[in-house]
Each structure stands twice: as C-alpha cells, then as structure tokens.
Amino acid sequence: MNGMTSRVELPSGTRRRESAPLGRVIRAELGWVLRRPRNLLALLGLTALPVLIGTVIALTGTPAAGSGPRLLSAMAGNGLVLPVFSLMMTQNLLLPLVTAMVAADALAGESASGTLRGLLLAPVGRVRLVAVKAVGVLTVVVLAVGLIALSGALTGLVVVGGDGFVTLSGTTLSLGPALGRVALAAGWCAVQMAAVGAVALAVSAMTDHPLVVMAVAVGGLIVFGVLEALPALEWLKPVFLTADWYSIGDVLSDPIRSEDLLTGLWRAGCYVLVGMSAATALMATKDT
Amino acid sequence: MRRKNIALTASAGIAAGALGLTSLALPAGAQDPNLPRTTPEGLVSSVLDAEAPAMAGTVTVDNDLGLPALPGTGDSGEFLSAGEQSLRVWSDGQRAHRMSVQKDNGEITVVDDGDTVWKWDSSERTVVEHPDVRQRAEAEGSGADPAELSRHIVGKLRDSSSVTVDGTTSVAGRDAYELVLTPKPGERTKLREVRIAVDAEHRIPLRVEVEANGSAEPALRAGFSRIDFGSQDPGLFRFTPPDDARVRTEDPHGDAERHGRAQQDAEGPEPRTTGEGWDTVVTARIPAEAVRGAQEDSRGGKSERNLRAVLERSGDPVNGSWGHGWAVDTSVGSAVITSDGRVVTGAVPRQVLIEALKEA
C-alpha cells in the first residue's frame, strides 16, 4: 500500500503482505509505552497528588476566603471540588510535562536510539505509524487525567466528605450529577492535553533529541503564560492554548458556564489538527 | 507520488488548524444592519414602553475609568476597578431574575424569585436573604406614561446635549439602534459622548459606551456579549441555601432605619448638586475622621484601607481660599475631597469643581 515497501525484495512465492494488522501494532505500542518505568512512575505520582492535597486540606483546613488559588476555599466540606482543583493544578505544568515526555519517546526517542529507521522500513505506513504513536500518547493522557480525577474524587469523598455537592452557584447536586461534572472536567482536560501531545509529537518528528521535545512543549506553555500577562498582546491571547485553561473550574458553576469551555475545546481541536498534520507531514517526508 | 500527497494533505490540515485559531483572535465582523429609521423620541419611548423579555445573557463590563481602588466599597468597588468583568444574567420576563458574577475565588450569585432576594457568596459560603423586596420596589416604582416620560427625558437632555439616532449597530449578534448623546459645545465636561445601543426587536438597551475626550477607546463599555431571548428554566429562579452555609436574614426596615440614622449622624446634610446638564457637580459630606491621618485612625484599621492614605497616594494636593484637599482625576471625571470632609465630584475638569467649592 505504500511506496517504501516496494523496495523490499520479497522472496518469490511469498504473498506480499500489504501492512501489519493495526490492532497488533497498537497493542505492541501500548505495551511498550505502558511498560516503560518512567511512564508508570509519572502516572503513580499524578495519582498520589490529589491524595496529598486532600490530606493536607483535611489536616490544616482551607485557607480563609479571598486567599489562596482559585477554588481552594470552595473545597471546605465539598469533596468533589478536589478532583477539579487537582486537574486545574496539574494541567498547568505536570500533565503537559508527562504528555511531552511520552510524545518525546514516541518519535524523537526512537530516532535517538536508532530504532526509528527500522520502523520506517517496517511494513507499516507512515501515516499509520504517526497514528499509532498518537494513540500511545493519547492513552497515557487519558490514563493520567482519569487517574487524577478518580483518585481526587475518592480522596474527596473519603477525606473531605461529600454528601450533597454544593456548586459555586450555591445549588446542591446529588452524587450522580456531581460525578458527571468531574467527568466533564476530566474529558475537557484530556482534550487540552491531547493538544499539547499533538504539538509535542510534531516536534518529536522534527528532532532526534527527546529533551528538545520536552523543552519546546513546556517552554511553549511558559511563554504563553508570560505573553498573556502583557496587556499589549491582549488581541493575540485567544490563540494561546493556555488562554482558557483556568475555565475548567466553570464546570462547578450551575448552570455550567459553557462559553469559555467551548472556546477552549475549539482551540484545542485546532492545535490537535495543526500538531497531527505537522507530525504526519514531517514523517511522510523524512528520509529513511 | 503518494508521500507528496500525504505531505500536501497534511499541509492543508496545518493551514485549516491555523485558520481555526485565527478565527478566535479576529473580532466577529458583523455588518451594521438595515433597520427602519426612527427618531430619538420614538426610540426612548419604545424603550420605556417595552416589557422586559425572558432572556439569558452574558454582560461584559470593560472599564477603563482609571479610578483608584477605594477602600470599603466591597463588591461594587470591584466593578469600578479597571479591567474586564463579566456577569451572567437571566430573567423570566416577569418578576424573577438571576445574576452571577465570577470572582477569582468563586462566584457570587444573586437570585430574585420575585419575593425574596438571595445573595450567595461561594468563597465565604454565606447566604444573605432580603425578604419583601417586592413591596418596597413597587412602592417606589411610578406608573408614568412612557410616551410623556420619554418626551420629558429627551426634552431635558436636549437642553444640554444633542440627542441623535446614529445609525445601527450589531451587539451580541442582534440588530440594534444606536442612541448618541453628545454634550453641547458650551458644556464643560470631560465626556465626549455616550452611546446606547437599543435592541431593534425587544427595545431593551444592549450596550452602553461612555467615551471621554482625548481617547479613542471608550472609558466604560458595558453590554451583552451574548444574549438569548426565550423562556428560561424556572428552576434557575429558585434558591435553597445549601445545608452548611451561613444564612443571614436582612431586615429591610430595621436596616434602612439604622442606616438612615447613621447616615444623618455622619454625613449631615443631603448631597447637593450645582450646575446643569453635563457639568453637574455633586457636593457631599463624609465624616471628617475618614480624611484624618492614618495614625489617628482610632479603629486601628490598616493604613491601605484608610481613605487618607489612598488620597495621598493617588490624589494631587490642592489648596485655595476654600481650604485644603486632594484632587483625583480620572478619564471621565474628577473629584476633590477636602481635609474637612467635603466631597465634590462630577464628569468635569478639576477647575469646575474648585469653582463649585468656592461658591459653596
């Protein structure tokens, strides 16, 4: 099905295999990603973070109103704010860092260890190769975000307590809808991280050094943060991926404050499109 | 070549994504709609005559007034301070309203179910209940004829300003007329004009812009950034305080009485206005203690919260035959606060205020 396999001399009599079955390739990639100790450690650390925050809050109490970061004072007696708060805290740096780490391993890491050449010659199309690598990154993103939300929700329910979840607007939700809000926040956060992952994957396709990928991804987010603070660049702000990241807390309003969340989804979708297209273009034109 | 095709398709993907991002940064370019012509009187009359429709919307307040942060103004002070604020509003078209403002640390929601007003502050987990607001509001409301009233209002405005309908505009995707008030040349004011956009269909104001002299950007812009007309979920206009919230009930009568007496004790005479139209100057009195030095603050309040400290930081000291005080200039007006507790303010340059002080 592609140009590069045509150069491989096939023994006469063997039926030429067009490409390896997708399921097997994805399974192999996932096994590879999920067995890497650093990925597992990162996931473990992210899972532990909400437990840590919850314990500290249970021991010391929430800060007085008006101080501390967003949402923190809303956490008193309200266990289901904890997962949203944890996502908000980790999505600024920790989650992008983990995402970029996996994306760096995906292509630049293979390139650095000399195994990318083998993958490019293997009977897997290049578009398919990028897609499989993207699935690997996405799996880690979804796992990381899901684990934070899950451990946050459990910690919140156990430590802070959560009979009747009070929204920021003062209405009371029962457990089901409240968990729905947490799931919504987690899904939204996963899409944002997918955007980071897509751009990181594009950088990963460009370079042979995994460190460069992490530096570009995390550095880019920091640059966005710095530029956002400049009033002269206010007009440019809607383009920054991080522009609406704080609005993840809007799921806790009732009715949900959806404007910024939807803008954020659209923006993240654009970043995913740019990142994946760039990664595909770079891989397709890469010399073996 | 297949790879070339992939690269081309992918480049198109990059371009599409970049275009999508650009669309976020570009302001929604709406053309000014074509609407039947109307006169200022007709427009004002239709606004006064209009019934409030059921709607949900987001109001954005963009404030460039340049006011210093004033102590003790609380939530309203937050709105006066520079920057952008947005609040969500709902109305059922009859008597119930709901409003919610996002703050850094949570949200303030005000629910008016027609009889009782509830104010919820999520960062402090407090509920303030104001019962029986309706009776008072109805007692205060007057049932004047809108057409008569609008003639009166426009007539009054025409004394000092030119009132025109300056074409049409589009606010939050809705067609609107733009009513413009411009001060007459003789008026000594810092304002250039006030623009009010009125929805063409429902005749409610959608946006107010205050423009000051010497600035292209409005000093204050408050308007809907999103608005949907139509019936709203009645559940939005009910409020039940959460279990563990602190609920305080405000007694309107007792409070008003107490407040009134305190005001009389502290402030003496009622605020007075001098001048007419755009150069109206308001003279009021505040307790002289408030303007005394920080070290004399008997309550031991923090010096930043002390009015004098604020004045010394952001005001210019001014002297004259009328005494000594501080002048604060903003883009839309000025204020002079004297050391003996007189306050004069208006949408005028500082000299007009000082003249008013001399005359007083």
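Okay, let's start with one residue: Phe240(A) comes out at 4% relative accessibility, so it counts as buried. Keep in mind that this is a predicted model.

Who does Phe240(A) pair with? Its partner is Phe224(A), and the two rings are stacked, 4.9 Å centre to centre with 20° between the planes. Phe224(A) sits in helix H8 of chain A, while Phe240(A) is in the loop between H8 and helix H9, so the pair ties together parts that are 16 residues apart in sequence. Phe224(A) has 18% relative accessibility, and since the cut-off for buried is under 20%, that one counts as buried too.

Searching the whole structure turns up two aromatic pairs over all chains. The other one I want to show you is in chain B: Trp118(B) with Phe239(B), tilted, 5.9 Å centre to centre and 40° between the planes. Here Trp118(B) belongs to strand E5, and Phe239(B) to the loop between strands E11 and E12, so this pair links parts 121 residues apart in sequence. Both of these residues are buried.

Okay, on to where the chains meet. From chain B, 38 residues are in contact with 47 residues of chain A. Together the two chains bury about 3300 Å², and 55% of that is on carbon and sulfur atoms.

How many salt bridges are there between chain B and chain A? The count is two. In one of them, Arg226(B) meets Glu259(A), at 2.9 Å from N to O. There are also 10 residue pairs in polar contact between the chains.

On the side of chain B that touches chain A, H1(B) gives the largest share, with 15 residues. By class, that side has 15 nonpolar, 13 polar and 10 charged residues.

Definitions and conventions: Residues are numbered from 1 along each chain as its sequence is written. Chains are lettered from A and ligands numbered from 1 in the order in which they are written. This is a predicted model: local features need pLDDT of at least 70, side-chain atom pairs count only at pLDDT 80 or more; totals for chains, interfaces and linings use all residues. Side-chain values use heavy atoms; hydrogens and water are left out. Contact means heavy atoms within 4.5 Å. Buried area is the accessible area (1.4 Å probe) that two parts lose on being put together, summed over both. A salt bridge is a side-chain nitrogen of Lys or Arg within 4 Å of a carboxyl oxygen of Asp or Glu. A polar contact is a pair of N or O atoms within 3.5 Å; within protein, one must be able to donate a hydrogen and the other to accept it, and residues adjacent in sequence count only if both atoms are side-chain atoms. Helices (H or I, at least four residues) and strands (E, at least two) are DSSP runs, numbered from the N terminus. Ala, Val, Leu, Ile, Met, Phe, Trp, Tyr, Cys and Pro count as nonpolar, Asp, Glu, Lys and Arg as charged, and the others, Gly among them, as polar. Rings of Phe, Tyr and Trp (its six-membered ring) pair if their centres lie within 6.5 Å; planes under 30 degrees apart count as stacked, over 60 as edge-to-face and the rest as tilted. Buried means under 20% relative accessible area, exposed over 50%, partly exposed in between (1.4 Å probe, protein chains only).
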